[in-house]
Amino acid sequence: MNNRLKHLISFILSFTIIISLFSINLFNAKALPLDEPLLYYNDSTWARENRAPLKIIENEYYVPLVIFAQLEGANVRVNNSLNTFVISNGDKYISFDATTDIATDQSNTYLYIRTYKLDYGERYIPAEIVCDHLGFEFEYFKNEITGAAAVRISDKSAELDFEELLEKHNPAILNLEKETTRAHTEEDTKPAVKPQQPSEIIIGNRILYLTVEAGVNEYTDGMLNTLAYYGYKATFFIDRSDITNYPLTIARLLSEGHNLGLRPDNESTQAYTDTESFIAELNSTNELLYRVFKIKTGAVRPDASAYNTLLISDIQSGKLAEAGYIVWNETVDRADAMMSNTEAIELLSKSIREKNTLVLTFGSNATTATVLSGTLKFIYEHGDKIDVRLAGPAYNPPR
């Protein structure tokens with residue numbers, strides 16, 4: 001082998017190693033955007049904190065699968081050969097297929113739940129989703145002064161509330177001030193006070209749903225980037241053409257934890273002639289959604305201008321609910337592309353200040369990402385007072 005060939009092989013190997021290290025660092029930077037909180041279960045600390053700590057991946061809290069085996073009533077069964085596992089609690093369960101990231105629950109509902117095999121081969125699962133489906137409690141504590149955080153997963157046997165648990169095992173996390181090396185002065189004895197902005201005084205507890213009613217198009221990726229930056233999830237209402245025209249975009253929004261809802265094609269006038277045709281249109285879209293992504297959804301956003309008296313009556317009487325669908329109409333009118341971006345952000349922020357429960361809706365156009373970003377910035381700044389949820393059959397939309 002001549003020297004030239006040796007130098008070429010050496011260069012290729014060095015380049016491969018550099019790329020591998022870059023890829024690992026890139027994943028870690030993306031997967032762990034925040035400091036990882038300490039992990040607890042019931043009244044105990046997580047003994048495997050060093051080996052299998054809580055992880056933050058794509059702004060979701062992921063915990064090792066084995067922690068659920070510590071909970072009363074929980075049963076964890078793993079089939080390594082099929083790459084599947086099941087977590088159950090009484091008559092509730094979730095069956096995971098780690099190869100496809102598709103899961104099913106006791107009602108045979110298909111769920112898209114991504115899991116990861118991380119350090120030491122530990123299988124990690126999204127804690128909040130699993131707790132919500134199986135009836136376990138997920139609690140999060142953050143010290144707003146120091147930034148220290150903790151998460152607890154519990155069954156019904158926990159005797160201590162979360163702050164009592166932290167006081168017992170890690171009282172430092174409750175301290176109001178960051179430790180500093182400077183000498184203590186008289187000023188240090190004064191309690192830390194977080195200054196309040198006028199808007200913080202006005203806002204009380206809020207429940208808020210983010211929805212996108214214009215389906216999926218070339219602007220959706222920009223919206224997904226904005227949502228990912230702030231760490232919030234939204235529900236996108238789609239029709240059949242969105243599934244066939246933008247399958248990769250829909251796959252992305254599902255993988256990032258967003259929800260899908262249905263909206264009959266606005267050009268399909270037949271769908272709005274009577275309730276049976278309306279339900280048939282929804283069923284047809286759901287079947288296509290299932291064939292492509294192995295999921296179905298019960299959240300619906302009809303075109304309000306296409307309503308007729310009979311359809312409204314049947315929705316109010318519960319006939320649509322009998323078919324498995326819940327209408328999620330917005331409670332705050334769309335603002336993006338309806339006025340200037342600044343005016344739209346101000347209008348949406350004002351609505352959040354004044355209403356306790358809101359269903360915000362956005363289109364999907366050239367101005368949406370900007371208006372969405374300004375609105376999410378406002379929500380993020382008041383995050384301790386605003387609970388952002390996904391629209392779905394598990395929640396009742398506000399009246």
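Which side chains meet in a salt bridge at 3.6 Å, N to O? They are those of Asp 239 and Arg 263. A salt bridge here is a side-chain nitrogen of Lys or Arg within 4 Å of a carboxyl oxygen of Asp or Glu.

The model is predicted, so local features need pLDDT of at least 70 and side-chain atom pairs count only at pLDDT 80 or more, while totals for chains, interfaces and linings use all residues. Residues are numbered from 1 along each chain as its sequence is written, and side-chain values use heavy atoms, with hydrogens and water left out.

**Salt bridges**

The structure holds 16 salt bridges. Three of them are listed below.

| Asp 239 | Arg 263 | 3.6 Å |

Asp 239 lies in the loop between strand 15 (235-238) and helix 6 (240-245), and Arg 263 in the loop between strand 16 (259-262) and helix 8, so the pair ties together parts that are 24 residues apart in sequence. Helices (H or I, at least four residues) and strands (E, at least two) are DSSP runs, numbered from the N terminus. Asp 239 is buried at 4% relative accessibility, and Arg 263 is buried at 12%. Buried means under 20% relative accessible area, exposed over 50%, and partly exposed in between (1.4 Å probe, protein chains only).

Glu 330 is partly exposed at 29%, whereas Arg 301 is buried at 3%. Both belong to a salt-bridge network that also includes Glu 213, Arg 334 and Asp 336.

Glu 381 and Lys 377 are 4 residues apart in helix 12 (residues 368-381), a separation of about one helical turn. Glu 381 is partly exposed at 45%, as is Lys 377 at 44%.

**Aromatic pairs**

A search of the whole structure finds 11 aromatic pairs. Phe 85 and Phe 96 form a stacked one, with 4.5 Å centre to centre and 15° between the planes. Rings of Phe, Tyr and Trp (its six-membered ring) pair if their centres lie within 6.5 Å; planes under 30 degrees apart count as stacked, over 60 as edge-to-face and the rest as tilted. Phe 85 is buried at 3% relative accessible area, and Phe 96 is buried at 2%.
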